[in-house]
Amino acid sequence: MSGQGWDAGKVYTRQVHSGEAVKEGVVEAQQQLFDFIQNFRDDNVFVYREQLRQNLAVGEDVLNVSLQDVAGFDESLSQRLVNHPAEYLPLFELAARNSARKIVAPGAQGLDEVPEIQVTLRSNTNVVNIRDLGSAQISKLVCVSGIVIGASSLTSKATSVILQCRNCRHTKAVPVGGGFSGVQIPRVCDREQLATTERCPLDPFEISTDKCTFVDQQTLKVQEAPDLIPVGELPRHIVMSADRNLTNRVFPGSRVTITGIFTVYQSKNMKGTNAVAIRQPYLRVVGIEINKSGNSFTKR
């Protein structure tokens, strides 16, 4: 979102056979991420392959990855991950799930027997001050540090919504993005209509809550550390969204370094107004490191 449009000096292409080159690029990126998990070594230790094995053995479906290791393995892959995290993180998690299949179900053809793996990222370089976050960082991976001043109770966030037509009972699954993103329910039933069947009315879908997929989500509020506040200025803060294994990791008073995707959402106060282009920034958390805690119960 931070680019300058068609005049940014980039090359744009259009496929004659729709989706073929895009699919090839996705498959190639996923293979590179899979190779990183399988082959990255520190001395003679396969770091992430062994970490994944140990985590699965204790029931933790998570893989904690250092961005510095990714850069050391493939600098181009690291840059793409930083510049397009919303596209590459799902591929990273799919690659981690394929790696987990070799551990928990080596003979399986599909991924039905393999748990979902959450990939978390950490980085100690290029830490950005909260007050310096701007439009140039939107949709990119950033690293900020500060003090947690607010942590909500856990809520349930749908990752896949199952819709059912009230008229013909047709069902469809609609994926939901991470963070504060919502879902747009189709207004028209897309079931193939036969000549003898009656067309479904407008807005026919209802949500089948018991069939939807949910994950834990928590909202955090992080404020600038006192030593980072300019003289005479008030401290600034940013709202963050954490999910799955990143929830209930920190409490108010924790001093943290957080890696996340700097993005925007439409505030409830803005809905129904003429400010349709105004969005509120927030950080979608993809990694948490606790530097200093104000509560002994945060040590886990």
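**Figure 1. The largest pocket of the predicted model has a volume of about 880 Å³.** This structure is a predicted model. The lining of the largest pocket is made up of 31 residues. Those nearest the centre of the pocket are P90, E93, E116, T159 and R244. Elements that each give at least two residues to the lining are α5, β4, β7 (155-165), β10 (213-223) and β13 (280-292). Of these, α5 has the largest share of the lining, with seven residues. By class, the lining holds 14 nonpolar, nine polar and eight charged residues.

Figure 2. The protein has 300 residues, and 36% of them count as buried. Contacts can also be sorted by how far apart the two residues are in sequence. Among contacts with a separation of 6 or more, 67% are between residues 24 or more positions apart.

**Figure 3. The largest nonpolar core has 30 residues.** The members that touch the most other members are F36, I37, L63, V65, F92 and L121. Two or more residues of this core come from each of α1 (20-39), α2 (47-57), β3 (62-66), α3 (67-73), α4 (75-83), α5 (85-104) and β4 (118-122). The element that gives the most is α5, with seven residues. Another core, of 19 residues, lies apart from the largest one. I138, V148, V222 and A242 are among the residues of that other core.

**Figure 4. A close-up of I37 shows its contacts beyond the neighbours within four places in sequence.** With those neighbours left aside, I37 is in contact with Y48, R49, L63, F92, A95, A96 and S99. I37 is also one of the members of the largest nonpolar core that touch the most other members, and so are L63 and F92.

**Figure 5. Helices α4 and α5 cross at roughly 115°.** Two packed helices are described by the angle between their axes and by the distance between the axes. Here the axes of α4 and α5 come within 6 Å. On the α4 side, the contact is made by L77, R80, L81, V82 and N83. On the α5 side, it is made by P85, Y88, L89 and F92. Sorted by class, the contact has seven nonpolar residues, one polar residue and one charged residue.

**Figure 6. D43 has a positive phi although it is not a glycine.** Most residues other than glycine have a negative phi. The phi of D43 is about 60°. D43 sits in the loop between β1 (41-42) and β2 (45-46). With a relative accessible area of 67%, D43 is exposed.

**Figure 7. S139 also has a positive phi without being a glycine.** The phi of S139 is about 70°. S139 is placed in the loop between β5 (127-128) and β6 (140-151).

**Figure 8. I278 lies in the loop between β12 (255-265) and β13.** The relative accessible area of I278 is 41%, so this residue is partly exposed. I278 and Q266 are 12 residues apart in sequence. In space, the two residues are 7.3 Å apart, C-alpha to C-alpha.

Notes. Residues are numbered from 1 along each chain as its sequence is written. This is a predicted model: local features need pLDDT of at least 70, side-chain atom pairs count only at pLDDT 80 or more; totals for chains, interfaces and linings use all residues. Side-chain values use heavy atoms; hydrogens and water are left out. A nonpolar core is a set of buried Ala, Val, Leu, Ile, Met, Phe, Trp, Tyr and Cys residues joined through side-chain atoms within 4.5 Å. Buried means under 20% relative accessible area, exposed over 50%, partly exposed in between (1.4 Å probe, protein chains only). Helices (H or I, at least four residues) and strands (E, at least two) are DSSP runs, numbered from the N terminus. Contact means heavy atoms within 4.5 Å. Axes are lines fitted to C-alpha atoms, for helices over the stretch in contact, and angles run from 0 to 180 degrees between N-to-C directions. Ala, Val, Leu, Ile, Met, Phe, Trp, Tyr, Cys and Pro count as nonpolar, Asp, Glu, Lys and Arg as charged, and the others, Gly among them, as polar. On a 1 Å grid over the protein atoms alone, a cavity is a set of points where a 1.4 Å probe fits but cannot get out, and a pocket is an open set with protein on both sides within 12 Å along at least five of seven lines; lining residues have an atom within 4 Å of a point. Grid points are joined across faces, edges and corners, and a volume is the space filled by probe spheres set on the points.
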